[in-house]
Amino acid sequence: MSQLCDRIQAVQDRLQAAARRFGRPTEDVQLLAVSKTRPAEIVAQAMDCGLREFGENYASELEEKSRALGDRHPAWHFIGPIQSNKTRLIADTARWAHSVDRERIARRLSEQRPLGAVPLNVCLQVNISEEDSKSGVALEDLPALAEAVAPLPGLKLRGLMAIPAPSDDFDEQRRAFARLREAQEDLIRRGLDLDTLSMGMTDDLEAAVAEGATIVRVGTAIFGARG
Ligand SMILES: *Cc1c(COP(=O)(O)O)cnc(C)c1O
């Protein structure tokens, strides 16, 4: 098979090894291929290797690639910052949105989800690395946001997502992911029905699996370094 298939297999092998090491069933951890900046032909090649789930950060790329690959029906996950003028495209095109961090955006996605479509699966993006103020809801504001989003009819709130500050230290990586897991456990205790932790990328997927990731979002290890 192609080099691309080999790289995908190598990532699957990493996931399996991590699942075994940390006592997780391998089928509980799904690989999301992050195809941002890669052309539609590369996504098509990855589909030929057996992948179906792709993550995109930019609405314009999502629009372009979903049009180019429409008849092959990849499952698109939107993982980038969501601007309010892009919610309709995401509601029309994606199966998942991992990066919802404001109630207003959630309401728009719900209202704009086409009638008759299954609800859009949603993760709330949480800012678990307090020192920077990137995207994501603050931990103290998470319960209120989750309780506002859960009842929206066009959405299905599935869980939480985070992008921790990069670290080379495995234990530090684990501590960041543990904060997300604990936040999710807290929401479950409050009565929310959540089954998804979207966490882990090329450089920290083992630590994420150790802490309960159910979706890891991997770009570089599959497609190579971005230019
Ligand atoms: C780019 C990106 C990834 C993939 O990162 P890699 O280090 O290339 O695996 C995952 N999640 C999000 C939100 C991203 O923007």
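**Exercise 1.** In this predicted model, which residues does Lys-36 touch, leaving aside those up to four places away in sequence?

*Solution.*
Step 1. Locate the residue: Lys-36 sits in the loop between E1 and H2.
Step 2. List its contacts: Gly-55, Glu-56, Asn-57, Tyr-58, Glu-61, Lys-65 and Arg-226.
Step 3. Check the record: an unreviewed UniProt entry lists Lys-36 under "modified residue: N6-(pyridoxal phosphate)lysine".

**Exercise 2.** Decide whether Lys-36 is buried or exposed.

*Solution.*
Step 1. Take the relative accessible area of Lys-36, which is 18%.
Step 2. Apply the cut-off: buried means under 20%.
Step 3. Lys-36 therefore counts as buried, because its value is 18%.

**Exercise 3.** Describe the surroundings of Ser-35.

*Solution.*
Step 1. Ser-35 belongs to the loop between strand E1 (30-34) and helix H2 (40-48).
Step 2. Its relative accessible area is 0%, so Ser-35 is buried.
Step 3. Residues that Ser-35 touches, beyond four places in sequence, include Val-43, Phe-54, Trp-76 and Phe-223.
Step 4. Glu-56 is also among the residues touched, and the side chains of Ser-35 and Glu-56 form a polar contact of 2.7 Å.

**Exercise 4.** How many of the eight residues of helix H6 are buried, and what covers them?

*Solution.*
Step 1. H6 spans residues 142-149, and six of the eight are buried.
Step 2. The buried ones are Leu-142, Pro-143, Leu-145, Ala-146, Ala-148 and Val-149.
Step 3. Their cover includes the helices H5 (103-112) and H7 (170-189).
Step 4. Strands E5 (120-127), E6 (137-138) and E7 (155-161) are also part of that cover.

Technical notes. Residues are numbered from 1 along each chain as its sequence is written. This is a predicted model: local features need pLDDT of at least 70, side-chain atom pairs count only at pLDDT 80 or more; totals for chains, interfaces and linings use all residues. Side-chain values use heavy atoms; hydrogens and water are left out. Helices (H or I, at least four residues) and strands (E, at least two) are DSSP runs, numbered from the N terminus. Buried means under 20% relative accessible area, exposed over 50%, partly exposed in between (1.4 Å probe, protein chains only). A polar contact is a pair of N or O atoms within 3.5 Å; within protein, one must be able to donate a hydrogen and the other to accept it, and residues adjacent in sequence count only if both atoms are side-chain atoms. Contact means heavy atoms within 4.5 Å. UniProt positions are given in the numbering used here, feature names are shortened, and annotations may be inferred rather than shown by experiment.
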